[in-house]
Amino acid sequence: MGFWLFTLACGLLIPLTMLGFGRYFQKTGGPRAINMLSGYRTPMSTKNRETWEFAHRYFGKLWYRLGAGLLPASLAALLAIAGQDIETISLTTGILTGVQLFFMLLPIAFTEAALRRTFDKRGNRKTGSPS
């Protein structure tokens, strides 16, 4: 039971991280200063302050929504294996972590596409792009 409790705690870290940082990025637009140490850092998102905030708010919204969906799904999967043998718990948790990582990284593609739709290569907002 101790191993399953440890697995439960670890299995909820990714969805909880996505919820927490997603909400933070949505509300604040990311760290105040554009930097290469923290936040959503890609060549396009670091062009200027406007691309930086846009990327963080967009990415944060996606992360929050995906985290909100992953949390109950992960909890259900982990509750379903309570009391099972270590091999079953390990295999299920490994698969769950892989699925969580996929959904954790997926918003990068959507955020980059949104940045390219909204800004030109130099980071200037395209004419007619939504604010």
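I began with I86 and found that this residue lies in helix α4, residues 86-118, where helices (H or I, at least four residues) and strands (E, at least two) are DSSP runs numbered from the N terminus. The model is a predicted one, in which local features need pLDDT of at least 70 and side-chain atom pairs count only at pLDDT 80 or more, while totals for chains, interfaces and linings use all residues. I number residues from 1 along each chain as its sequence is written, and side-chain values use heavy atoms, with hydrogens and water left out.

I next looked up the surface around I86 and noted that I86, F3 and F6 make a nonpolar patch of about 310 Å². Patch residues have over 30% relative accessible area and no salt bridge, with like charges joined within 9 Å and nonpolar side chains (Val, Leu, Ile, Met, Phe, Trp, Tyr) within 5 Å; the areas come from the Shrake-Rupley method with a 1.4 Å probe, and for residues only the protein chains shown count as cover.

I then turned to helix packing, taking axes as lines fitted to C-alpha atoms, for helices over the stretch in contact, with angles from 0 to 180 degrees between N-to-C directions. For helix α2 (residues 13-28) and helix α3 (residues 49-80), I recorded axes that come within 7 Å and cross at roughly 155°. That makes α2 roughly antiparallel to α3, a label for angles over 145 degrees, whereas under 35 counts as roughly parallel, 65 to 115 as roughly perpendicular and the rest as oblique. The residues of this contact divide into 13 nonpolar, 8 polar and 4 charged, with Ala, Val, Leu, Ile, Met, Phe, Trp, Tyr, Cys and Pro counted as nonpolar, Asp, Glu, Lys and Arg as charged, and the others, Gly among them, as polar.

For α3 and α4 I noted a packing angle of about 160° with the axes 9 Å apart, and the two are therefore roughly antiparallel to each other. By class, their contact has 17 nonpolar, 6 polar and 1 charged residues.

I also checked helix α1 (residues 2-11), which packs with α3 at an angle of about 170°, the axes being 10 Å apart. That makes α1 roughly antiparallel to α3.

Lastly I looked up salt bridges (a side-chain nitrogen of Lys or Arg within 4 Å of a carboxyl oxygen of Asp or Glu), and the count came to 4. One of them joins the side chains of R125 and E50 at 2.7 Å, N to O. R125 lies in the segment after α4 and E50 in helix α3, so the pair ties together parts that are 75 residues apart in sequence.
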